[in-house]
Amino acid sequence: MAQPATDTILVLNGPNLNMLGTREPEKYGHATLADVEALCRETAAHFGLKADCRQSNREGELIDFIHEAHARKMKGIIINAGGYSHTSIALHDALLAVQIPTVEVHVTNIHARESFRHHSYTARAAFASLCGFGIEGYRLAIQGLAAKLDIKPKA
C-alpha cells in the first residue's frame with residue numbers, strides 16, 4: 001500500500017554548510033546552520049508545511065536523503081548542495097529520478113565567484129534556482145515552492 005503524501009518538505013544542505021557562521025563570514029555571513037533551519041521551519045509552518053532539515057558532507061548520504069523524500073512522499077525539496085552542485089551528476093540524477101519539485105539555493109552569488117562555480121548540475125534538476133540572497137534565499141525558495149505547489153499561506 002502506497003504511503004500517503006505528507007505535508008513535509010526536505011531542506012537539504014551539503015558539504016561545509018555545517019560551518020556556516022564561522023566559514024568565510026565575509027562571503028557567507030554570520031548566520032549558522034541552526035539559524036537556517038529555524039528560518040526554514042518558520043517559513044514552512046507559514047504554509048502549513050513541516051521542514052525536515054538535513055545536512056551531510058557525504059554525497060551518498062545526500063542521495064539517500066533524496067530517495068527517502070520520495071519514499072515518504074514529501075511535497076518538495078530545497079537543496080543547497082554546496083560544492084557538489086558543481087560536480088555531482090549523481091545528485092542531479094537522484095533529483096530527476098524522484099520527480100519531486102525542487103528549488104536550488106546558494107547563499108552567495110555563484111555567478112559572481114570563481115568560474116568553476118558558474119555551472120550547477122543540481123540547478124538543471126530543479127524548477128528554480130536562487131543565489132546571492134544570503135540565508136534569506138531559503139525563505140524565498142520555500143515561498144516559491146509553495147507557490148509552485150499552489151499552497152497558500154495559512155492565516
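In this predicted model, helix α3 meets helix α4 through Glu 59, Leu 62, Ile 63, Ile 66, His 67 and His 70 on the α3 side, and Ala 90, Leu 91, Ala 94, Leu 95 and Val 98 on the α4 side. Sorted by class, that contact holds eight nonpolar residues, two polar ones and one charged one.

**How α3 and α4 sit**
- Helix α3 covers residues 59-71 and helix α4 covers residues 89-98; their axes come within 9 Å and cross at roughly 5°.
- With an angle under 35 degrees counting as roughly parallel, α3 is therefore roughly parallel to α4.

**The α2 and α6 pair**
- The crossing of α2 past α6 is right-handed.
- On the α2 side you'll find Val 36, Leu 39, Cys 40, Glu 42, Thr 43 and Ala 44, which meet Tyr 138, Arg 139, Ile 142 and Gln 143 of α6.
- The tally for this contact of α2 with α6 is six nonpolar, two polar and two charged residues.

- Arg 54 belongs to strand β2, which spans residues 50-55.
- The Arg 54 side chain makes a polar contact with the Glu 68 side chain at 2.8 Å.
- Beyond neighbours within four places in sequence, Arg 54 is in contact with Leu 10, Val 11, Leu 12, Asn 13, Phe 65, Glu 68 and Arg 72.

Terms used:
Residues numbered from 1 in each chain as written. Predicted model: local features only at pLDDT ≥ 70, side-chain atom pairs only at ≥ 80, totals over all residues. Heavy atoms only, no water. Left-handed = near helix turned anticlockwise from the far one by under 90°. Helix = DSSP H or I, 4+ residues; strand = E, 2+ residues; numbered from the N terminus. Contact = heavy atoms within 4.5 Å. Nonpolar A, V, L, I, M, F, W, Y, C, P; charged D, E, K, R; others polar. Polar contact = N/O pair within 3.5 Å; in protein donor to acceptor, adjacent residues only side chain to side chain. Axes fitted to C-alpha atoms, helices over the stretch in contact; angles between N-to-C directions. Parallel < 35°, antiparallel > 145°, perpendicular 65-115°, else oblique.
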